[in-house]
Structures are given as C-alpha cells and as structure tokens.
Amino acid sequence: MKTMILSMTLFISLLTHADSAFTASSKYQLTTILDVKGVIWGLDFLNENEFLYTIRDEGKLYHYNMRTKKSQLIYSPKVYSSGQGGLLDVVVLKNGEMTWVYLTMSIEEKGLATTALVRGQWKKDSLENTKKIFVAKVSSDTTRHFGSRVVVDGDQLFMTIGDRGERDFAQKLTHHNGKILRLTLDGKAFSGNPFSKTKGALPEIWSYGHRNPQGIAMDRESKTLYSCEFGPRGGDELNLISKGKNYGWPLITYGREYWGPSIGTFEKEGLEQPLAYWTPSISPSGLELYSGDKIPEWKGDLFLANLSSRHIRRVSIKKGKVIEQESLFNDLKERIRQVRTGPDGALYFSTDSGKIIQVLKK
C-alpha cells in the first residue's frame with residue numbers, strides 16, 4: 001500500500017506541473033552562450049567570465065571566455081571513447097592561491113575500460129602537471145554506465161561510479177562498480193570511510209547498490225549529499241546519500257527489464273528508498289543545488305538535467321521529503337546533460353547538441 005501511495009503521489013505531481021513546461025520559457029530569459037559540435041558532458045566555472053567544458057567523444061577539454069567569445073583547446077588526454085565513454089566531468093577547485101582542475105574520464109586499463117580521476121593545476125590559461133590520481137577497480141567489458149560525476153566539499157571529494165552494466169557487482173564491496181566514493185583531494189581513500197576496516201572491501205566506498213549515478217550535489221549548509229541515477233526501464237532515482245548505506249540495485253528497483261519482466265522487488269528491509277523515482281524514465285544526468293541569487297524562488301532547490309525526457313526538473317525538498325516538482329524547458333527539445341550555478345548567480349546548462357545556455361529571470 002505504501003508503494004502504491006508513493007507512486008500515485010509522484011504521478012499526480014507530474015500531472016500538476018505538466019503545464020509549467022509550456023510557460024517556463026516565457027518566464028525566464030534563455031541565452032545561448034556557446035554552440036559547438038559534440039556532447040558537452042561537463043561544465044564548470046573559473047570565474048564570472050570564463051569556464052571549462054568537456055566534449056565527451058572528442059576527449060577534449062576547452063576553455064571559453066564569455067567576453068571575447070573565444071574557445072581554446074586546453075587538454076586532450078588519451079581516453080576510451082566508445083559507447084558512453086570519453087572525457088566526462090570537470091570540476092574547478094580554488095584552494096587558496098592554487099586552482100585545481102579535476103577531470104573524470106573512461107580509460108583502458110589492462111584491456112578493460114574503467115573510470116579514472118585526473119587532477120591538474122590551472123596556471124596562466126593552461127592546465128599543467130596533470131596526474132592520474134585514481135583508477136576505479138571494476139569488472140566489466142561493456143562500454144556503458146561509467147557514472148563519473150564529482151562534487152567537492154572542503155577536503156572531501158565524492159565521485160560516482162556506475163555498475164558498468166554488471167549489476168551484481170553493485171552489491172559487492174570488492175569492486176567499485178555501482179558505488180559512490182569518498183576520496184581525499186589527492187585521490188586516496190578518505191580516513192573514516194565506512195568499509196575501511198571491512199575485510200576484502202575497497203576503502204574508497206562511501207555508499208553502494210547504485211546503477212548509474214550521473215548526478216551528484218552537496219547542500220553545503222546542511223552537509224546533505226544528493227545523487228540521481230538512471231534506472232533501467234523506469235525507476236530513475238533521486239537519493240539522499242548517507243555513509244555506508246545500500247541503495248538496493250539490483251535487489252530493489254521501481255524499474256523493469258527493457259524487455260518487460262520485473263527486477264527484484266520494490267522494497268526490502270535494510271535497503272534505502274529513493275526520495276523520488278520516475279516511471280517512465282526521465283534519464284537524469286547532471287544534478288545541481290541552485291545557490292544563486294538571480295532567481296530567488298529557486299534557491300536551495302535541486303535541478304536535474306534530463307536526457308530522454310528533454311527537460312530540466314526542479315525538485316524542492318523540505319525536511320527530507322520532496323514537496324514540489326516542476327518540469328522546465330521541454331519546448332527546447334534538447335537532451336540536457338549538465339546543470340550548474342554560475343558565479344554570476346545565473347543557472348547554466350549544457351546539451352548533447354553542443355550548447356551551453358544561461359537562464360535568468362525576465
């Protein structure tokens with residue numbers, strides 16, 4: 001009965017906010033900042049006028065100056081560019097006078113494709129001293145579910161790894177498949193991680209039982225960590241991530257096999273329930289907690305960049321529960337890959353068609 005009520009609540013919420021998709025573009029000013037070829041998988045800002053972005057399949061990192069309107073190729077590492085792989089996330093971290101750039105990418109390691117974390121120093125409009133600081137231990141010969149979003153909070157770096165299409169490994173602490181990791185800024189296991197003293201477990205693991213988490217965001221005021229992940233046929237999830245918790249994949253899910261049969265059950269004792277799930281799928285990629293001031297009514301809300309459903313979903317949370325959802329910018333008909341708060345207080349998002357778009361209130 002609990003599951004039926006939750007499903008109906010989410011269904012009604014989707015209906016309630018359906019009309020907002022058609023009015024959103026008239027309420028907000030959308031400006032295309034960049035229009036290039038390729039999937040812009042990652043995006044982060046150096047300052048109000050400059051940002052870095054990744055082109056997944058090319059495996060290239062670019063710098064863009066919004067004043068001069070010029071792009072510059074910065075870095076072109078050797079990546080495994082096949083299927084869902086390539087150059088993936090980018091995160092800029094300012095630490096005193098030093099500016100670090102973190103990149104995630106799929107690479108070939110010992111004949112298999114896996115997810116790696118690379119760090120470099122930003123100096124005089126160039127990336128220097130790049131170094132591979134973490135390589136995920138996975139078991140898979142597929143080209144999908146690399147996960148690979150990163151968020152930094154203080155001296156903690158959280159990184160997502162997908163199940164790599166090998167679902168059973170999401171429940172095994174001996175591999176990084178289907179996990180969220182907590183690392184130091186140098187890419188090492190963070191002291192005090194939940195399984196650091198568990199025999200045979202990988203010490204980097206923070207949470208497990210994930211399918212393909214491609215979104216991660218931190219509420220820095222409450223120190224709450226959120227992630228969103230792709231389900232199979234339905235069952236996409238938004239989760240509140242806690243230390244050592246098991247999020248159930250593939251033992252529990254609200255999705256089904258692509259050819260129809262159910263997978264596991266909906267609920268099981270000891271396994272975490274999502275804050276929200278979506279059936280049919282919305283395909284959530286990037287995730288951001290809006291912290292800007294240009295659209296005050298959005299402050300503190302979560303924004304999910306969605307692919308197959310071609311919209312941004314605003315989710316408002318109060319006391320650990322979803323209280324409101326809104327579907328935005330469906331009329332653009334774009335596969336939306338990443339969403340970010342800019343240092344200017346605006347909301348920015350990237351698309352699989354190679355655009356970066358700024359959102360302001362009219």
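Begin by selecting Tyr102, Leu117, Leu157 and Met159, the residues with the most contacts inside the largest nonpolar core, which has 23 residues. A nonpolar core here is a set of buried Ala, Val, Leu, Ile, Met, Phe, Trp, Tyr and Cys residues joined through side-chain atoms within 4.5 Å. Buried means under 20% relative accessible area, exposed over 50%, and partly exposed in between (1.4 Å probe, protein chains only).

The model is predicted: local features need pLDDT of at least 70, side-chain atom pairs count only at pLDDT 80 or more, and totals for chains, interfaces and linings use all residues. Residues are numbered from 1 along each chain as its sequence is written, and side-chain values use heavy atoms, with hydrogens and water left out.

Return to the core of 23 residues and colour strands S6 (87-95), S7 (98-109), S9 (126-135), S10 (150-153), S11 (156-161), S12 (179-183) and S13 (205-208), each of which supplies at least two of its residues. S11 gives the most to this core, with three residues. Strands (E, at least two residues) and helices (H or I, at least four) are DSSP runs, numbered from the N terminus.

Next, centre the view on Leu157. Not counting residues up to four places away in sequence, Leu157 touches Tyr102, Leu117, Val150, Val151, Val152, Leu181, Arg182, Leu183, Thr184 and Leu185; contact means heavy atoms within 4.5 Å.

**The four-stranded sheet**

Select S2 to S5, an open sheet with the order S2-S3-S4-S5 and antiparallel pairing. Two strands pair if DSSP finds at least two bridges between them. Strands S2 (40-45) and S5 (70-75) form the edges, each pairing on one side only. From one strand to the next, the twist averages 25°, with axes fitted as lines to C-alpha atoms (for helices over the stretch in contact) and angles running from 0 to 180 degrees between N-to-C directions.

Within this sheet, S3 (residues 50-55) and S4 (residues 60-65) run antiparallel and are joined by six bridges. Thr54 stands opposite Leu61 in S4.

Move to strand S14 (residues 212-219): eight of its eight residues are buried, so S14 is largely enclosed by the rest of the structure. S14 pairs with strand S15 (residues 224-230) in the antiparallel sense over seven bridges. Met218 has Leu225 of S15 as its bridge partner. Four residues lie between the two strands of this hairpin, in which Lys223 takes a positive phi near 60°.

**Aromatic rings**

Show the side chains of Phe, Tyr and Trp; the whole structure holds 15 aromatic pairs. Rings (for Trp, the six-membered ring) pair if their centres lie within 6.5 Å; planes under 30 degrees apart count as stacked, over 60 as edge-to-face and the rest as tilted. The ring centres of Tyr28 and Phe329 are 6.3 Å apart with planes at 80°, so this pair is edge-to-face. Tyr28 belongs to strand S1 (residues 28-35), whereas Phe329 lies in the loop between S21 (321-328) and S22 (336-341), 301 residues apart. Tyr28 counts as buried at 3% relative accessibility, and Phe329 at 0%.

Phe51 and Tyr64 form a tilted pair, 5.3 Å centre to centre with 35° between the planes.

Finally, select Trp41: the charged end of Arg149 sits over its ring, 3.7 Å from the centre. A charge sits over a ring if NZ of Lys or CZ of Arg is within 6 Å of the ring centre and within 35 degrees of the ring normal.
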